[in-house]
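Please read it with the model open.

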Amino acid sequence: MQAPATSLPGSVVSYRRTPEFSEATVPAGLKRAHSTKEGVWGLIHVLDGRLRYRILDERREPAELMLMPGLPPGIVEPTILHEVEPVGPVRFQVEFFRAGG
């Protein structure tokens with residue numbers, strides 16, 4: 001089991017961002033275990049408030065991070081199970097990355 005990633009690979013480029021989500025609009029699928037596709041990385045950017053980010057995959061050491069403005073974004077690794085949980089009022093969005101070409 002290895003530690004979760006602490007940075008994106010240098011070879012990836014941003015290709016899409018979700019709309020902003022709040023505690024009221026966060027899709028249910030993000031609040032339960034899910035993953036990105038092979039080769040797709042994500043950054044969870046918290047704009048206001050707090051968001052709990054859990055890495056649940058058995059291929060990684062268990063991790064729970066509190067994401068807030070002014071702190072580094074949450075890093076989502078390809079195919080690694082994770083979930084988020086709003087902690088009170090929050091605004092956030094996810095930026096997706098893949099190999100540049």
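1. Start with His 82. Its side chain reaches the backbone oxygen of Ile 80 at 2.9 Å. His 82 lies in strand β6 (residues 82–99); strands are DSSP E runs of at least two residues, numbered from the N terminus.

2. Ground rules. This is a predicted model: local features need pLDDT of at least 70, side-chain atom pairs count only at pLDDT 80 or more, and totals for chains, interfaces and linings use all residues. Residues are numbered from 1 along each chain as its sequence is written, and side-chain values use heavy atoms, leaving out hydrogens and water.

3. Is His 82 buried or exposed? His 82 is buried, at 5% relative accessibility (buried is under 20% relative accessible area, exposed over 50%, partly exposed in between; 1.4 Å probe, protein chains only). His 34 is 48 residues away in sequence, yet 5.6 Å from His 82, C-alpha to C-alpha.

4. Arg 52 is in strand β3 (residues 41–55). Arg 52 is also buried, with a relative accessible area of 19%. Beyond four places in sequence, its contacts (heavy atoms within 4.5 Å) include Glu 64, Glu 83 and Glu 85. The side chains of Arg 52 and Glu 64 make a polar contact at 3.2 Å.

5. The largest nonpolar core has 18 residues (buried Ala, Val, Leu, Ile, Met, Phe, Trp, Tyr and Cys joined through side-chain atoms within 4.5 Å). Ile 44, Leu 51, Tyr 53, Val 84 and Phe 92 touch the most other members. Strands β3, β4 (63–67) and β6 each supply at least two residues. A second, separate core of 5 residues includes Trp 41 and Ile 75.

Technical notes: Helix = DSSP H or I, 4+ residues; strand = E, 2+ residues; numbered from the N terminus. Polar contact = N/O pair within 3.5 Å; in protein donor to acceptor, adjacent residues only side chain to side chain.
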